[in-house]
Structures are given as C-alpha cells and as structure tokens.
Amino acid sequence: MNFLPADIERYAEDHTSPEGELLARITRDTYLKQIAPRMLSGHLQGRVLSMLSHMIKPNRILEVGSYTGYSALCMAEGLADGGKLTTIEANEELKHVLEEYFFQSPYSNSIELIIGDAKEVITTLEGPFDLVFIDADKYNYPLYYDLLIDKIPSGGYIIADNVLWSGKVVTDVVHNDYEAKAIMEFNNKVQADERVENVLLPVRDGLMVLRKK
Ligand SMILES: C[S@@+](CC[C@H](N)C(=O)[O-])C[C@H]1O[C@@H](n2cnc3c(N)ncnc32)[C@H](O)[C@@H]1O
C-alpha cells in the first residue's frame, strides 16, 4: 500500500539512488514467479533500509521474514566489517531461491539463513542484535517484540514493516481482522514502552523505527 500520490512516489524514487542489478533482478523474478510479490520491500523502502543500516553500522542484524531476500540484501550493505546478518523464513520452498540470491551477492559469507518458524527460532538465538527487522506474520508482531526487546542492546534498533497496514490502523477495525488488531497492539505497545524511543515513518506501508534507550 502506498499512501503517497503516484507522481510523488515516482519523483521520490527518481531522486533515490538506484537499487543495483541483483536487487532489480530479485524484484523482476519475484513478480514473475512468487505469490504475493507486493510483500517485497522494493526500491524506495529498500534504500531506506540500506541507509539506516549504513547509519547504524551493525555488527549483527536479525531479520524476521526473509521472503525472497530483498530486504536482507539491502540491510547487509550497512554491516560493519566482519558483521553478520541472520534471516529467518518459515517457507521451505523459498530456501533454494534465497540461497541462490545470497550466493550471487557480495554478502554470501555474511548472511545466515534459518528456515523455521520465527516464534521458535528466536528463542534459540543469542543476542545482542544491533538491528532487527520484523517483517513476518503480522499476527505475531507483539510476540516478536516481547521476544526480541531483551536481545537488543542499549542503542540498538528495531524496525517493523507494515505498521500502517494499508491504513486500517485508523479505521474501525472489523472484529475478526486479527492482523490489523495485532499491528495496532504492536504500535501501542511500542508507543507505551519507556525503554524505547520510536518514530513511525509513513514510508510505503509504514515503518516503525525504534531505538532502545
Ligand atoms: C512480507 S514478507 C517479507 C518480505 C521481505 N522482508 C522483504 O522486504 O523483501 C513475510 C515473510 O515472512 C514469512 N513468514 C511468515 N510467518 C513466519 C514465521 N512464523 N516465521 C518465519 N517467517 C515467517 C513469509 O513466509 C514471508 O516470506
């Protein structure tokens, strides 16, 4: 979901650094071959993730929800020397697709792919992670936050995608829209948490960016 008028969105993309050949190819392949290609971060949001990662220079990044690897590769651009990105994906059918794209990137030695359910995988991972990107099943955003906040050091960041959920967060949510309710619960949880400072960026479908104090 884009909230900006199409011409403004296009102007913003035209005045944003290009995404590079591999990322453009991942986008094309994803739209040709995968279900729900709109899940991919895309050019503008990908450059935002890359820029934030460069600013943070993380030693360790954790991504929850890899899909076809687009956002992982964007964030890997900002890793500190010797840094490592771990990404978790539940869909086993994406394993070989992800491995292929990571192998073709300059970051193949810096990326660890874990196929599994993030709810279980996260509990097995030891922190600290300097940067976490939450972008998997929306219903579990509040749980992911609770599982991850103690794995972030002071000065560490969490970014969560789709926090505007196509604008449903400002409408009367129908009683059985559990994803919208979970996103709203997540946003309220972050806003009320005195351990963090946060900003909701209305980029694409909404990015919550928070820093642990
Ligand atoms: C929105 S897509 C991720 C898009 C990707 N981060 C990007 O920006 O290009 C969400 C992904 O999370 C995965 N997913 C959903 N539930 C999950 C879970 N419980 N554990 C791990 N991955 C999950 C889905 O299979 C899907 O590939």
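Strands β5 (157-161) and β7 (residues 207-212) pair in the antiparallel sense over 5 bridges; two strands count as paired if DSSP finds at least two bridges between them. Within that pairing, Y157 has R211 in β7 as its bridge partner. Strands here are DSSP runs of E with at least two residues, helices are runs of H or I with at least four residues, and both are numbered from the N terminus.

This is a predicted model, where local features need pLDDT of at least 70, side-chain atom pairs count only at pLDDT 80 or more, and totals for chains, interfaces and linings use all residues. Residue numbers start from 1 along each chain as its sequence is written.

Zooming out, the pair belongs to an open sheet of 7 strands with mixed pairing, in the order β3-β2-β1-β4-β5-β7-β6. At the edges stand β3 (111-115) and β6 (196-201), each with a single partner strand, so one side of each has no neighbour in the sheet. On average, neighbouring strands are turned by 15° against each other, direction ignored.

Now for the helices on the sheet. Angles run from 0 to 180 degrees between N-to-C directions, and axes are lines fitted to C-alpha atoms, for helices over the stretch in contact. Contact between two residues means C-beta atoms, placed from the backbone, within 7 Å.

| Helix | Lies across | Angle |
|---|---|---|
| α5 (residues 95-104) | β2 and β3 | about 180° to β3 |
| α7 | β1, β4 and β5 | about 165° to β4 |

Which residues of helix α7 (residues 141-148) are buried? They are Y141, Y144, Y145 and L148, buried meaning 20 or more other C-beta atoms within 10 Å of a residue's own, with C-beta atoms placed from the backbone. Seen down the α7 axis, these residues fall within an arc of 100°, so they line one face of the helix; the arc is that of the directions from the helix axis to the C-beta atoms. Their cover includes β1 (60-64), α6, β4 (131-134), β5 and α8 (178-192).

Helix α8 packs against α7 at an angle of about 35°, with the axes 8 Å apart. On the α7 side, Y141, P142 and Y145 meet A182, I183, E185, F186, K189 and V190 of α8. By class, that contact has 7 nonpolar, no polar and 2 charged residues. Nonpolar covers Ala, Val, Leu, Ile, Met, Phe, Trp, Tyr, Cys and Pro, charged covers Asp, Glu, Lys and Arg, and the others, Gly among them, count as polar.

Technical notes: A residue is buried if 20 or more other C-beta atoms lie within 10 Å of its own, exposed if 12 or fewer, and partly exposed in between; C-beta atoms are placed from the backbone.
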